[in-house]
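Hi,

Have a look at the coordinates first, then read on.

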Amino acid sequence: MRHAGVEQSARNRHARAPDAVAIVAGLVVGCFLTWNVSNVGAVADPLAEAYGTSLATIGLLTTALFVTQLASQLPAGVWSDRFGPHRVALGACGAAAVGNALLLLEANVALGLLGRLVVGAGSGAAFVTGLDLVRAGRGGPVVRGLYGAATMAGGGLALVIVPPLTDATSWRAPYATGLALAIAAAIPLFRVRTLRTVGRASRGVLRDPDLLPLGVLQAATFGLAVIAGNWVVPLLERRGAGSAVAGALGSLVLLAGILTRPLGGAVVHRWPGWRRRLVGLSLLAVAGGALVLAVGGPLWLSALGALALGLAAGFPFAVIFETVQRLRPDAPGAAVALVNGCAVLAILVGTPVAGLAFDLPGDGAAAFAAVGLLAVVALPFVARLPASPGPQRPS
């Protein structure tokens, strides 16, 4: 009897042990496919010359990606729950590869829009399935935060690597690298063993009253940071900063989250009762950083504002998505898709609206004042977070 009990205990420990293969596959998918979010914007001028069109038209290539990135997330979450995240992630890699292959064919705007729509479907599905692979691999809050850092790193590295690579080769560099990374991301997925699926409970996700407040918090942190990151460089340039300095300081808004996403996971792992406090203070810091940028002043002060906004926006990631997956263990992929979709929708709507502020007095200051105000408006939703992780809802 004792021998049987020891064997059962060993099996239980094995069942609870993290699945490193699934976790690594999720991290790779999340990092490599988010490269496509910024690889075009990083070389907008060379692409405009190659396509023989305006910068505004090249901007549509990024808009096209975000349209299908938003549209693909919920279906990808539903399919991830039903068929397994590793299988849907393979489809995401395939879409990103096919879309980038189309983009390599010719510098044609219509073909470019089609290719970016296909790539966007892959990058949207990749975010959802990558995080679901981390969950299925039993990664804790720190690993979830590390996943968030990986998704930020993909886009951040594209900003650094693609411009010199384009100068050294041709306008095809952003697409060739996107194709290569999509193929590379698929490789570890073939080593993931078949994961347990959770059935067909995703219909109730859209009606779950506990998820939309989390979507608001994701929009008020990640979503607002992306909107600010898109416009902080022209804001600083209009205030007299050189393009190189403005670009370096502006990158802090997005790249600083690489550090704080896993750090936020570590904080709530060590002090679970700090969950609401961490998210609330982060929203206040996002608002403070945005308002500093709106007010202007010395360049060093704007740099501090950009850094504060970027750092603060990263802290809540692990708390938000650990809560999402605990609330809906019956449909974790669909729940993640709904919550992150709120942020993507905010980016789609907010980015062009913020651009209109540059035609108003203040050269864009109003956009950053609005970002600060919206972060404060989201504060009441912090109360909807569980005070501690608590038990997982039954699936």
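**Pockets, cavities and a helix pair**

The largest pocket has a volume of about 1800 Å³. Keep in mind that this is a predicted model, where local features need pLDDT of at least 70 and side-chain atom pairs count only at pLDDT 80 or more, while totals for chains, interfaces and linings use all residues. Numbering starts from 1 along each chain as its sequence is written, and side-chain values use heavy atoms, with hydrogens and water left out.

On terms: with a 1 Å grid over the protein atoms alone, a pocket is an open set of points with protein on both sides within 12 Å along at least five of seven lines, a cavity is a set where a 1.4 Å probe fits but cannot get out, and lining residues have an atom within 4 Å of a point. Volumes are the space filled by probe spheres set on the points, which are joined across faces, edges and corners.

Back to the pocket: 49 residues line it, and G41, A42, T62, G229 and N230 are the closest to its centre. Helix α5 gives the largest share of that lining, nine residues (helices are DSSP runs of H or I, at least four residues, numbered from the N terminus). By class, the pocket lining has 26 nonpolar, 19 polar and four charged residues (Ala, Val, Leu, Ile, Met, Phe, Trp, Tyr, Cys and Pro are nonpolar; Asp, Glu, Lys and Arg charged; the others, Gly among them, polar).

The whole structure holds two cavities of 30 Å³ or more. The largest cavity has about 50 Å³ of space, and its lining includes M152, F222 and R261.

Last, the helix pair. α6 (residues 85-105) and α7 (residues 109-136) pack at about 160 degrees, with their axes 7 Å apart (axes are lines fitted to C-alpha atoms over the stretch in contact, and angles run from 0 to 180 degrees between N-to-C directions). So α6 is roughly antiparallel to α7, a label for angles over 145 degrees. Their contact residues divide into 17 nonpolar, seven polar and two charged.

Cheers

Notes:
Helix = DSSP H or I, 4+ residues; strand = E, 2+ residues; numbered from the N terminus. Parallel < 35°, antiparallel > 145°, perpendicular 65-115°, else oblique.
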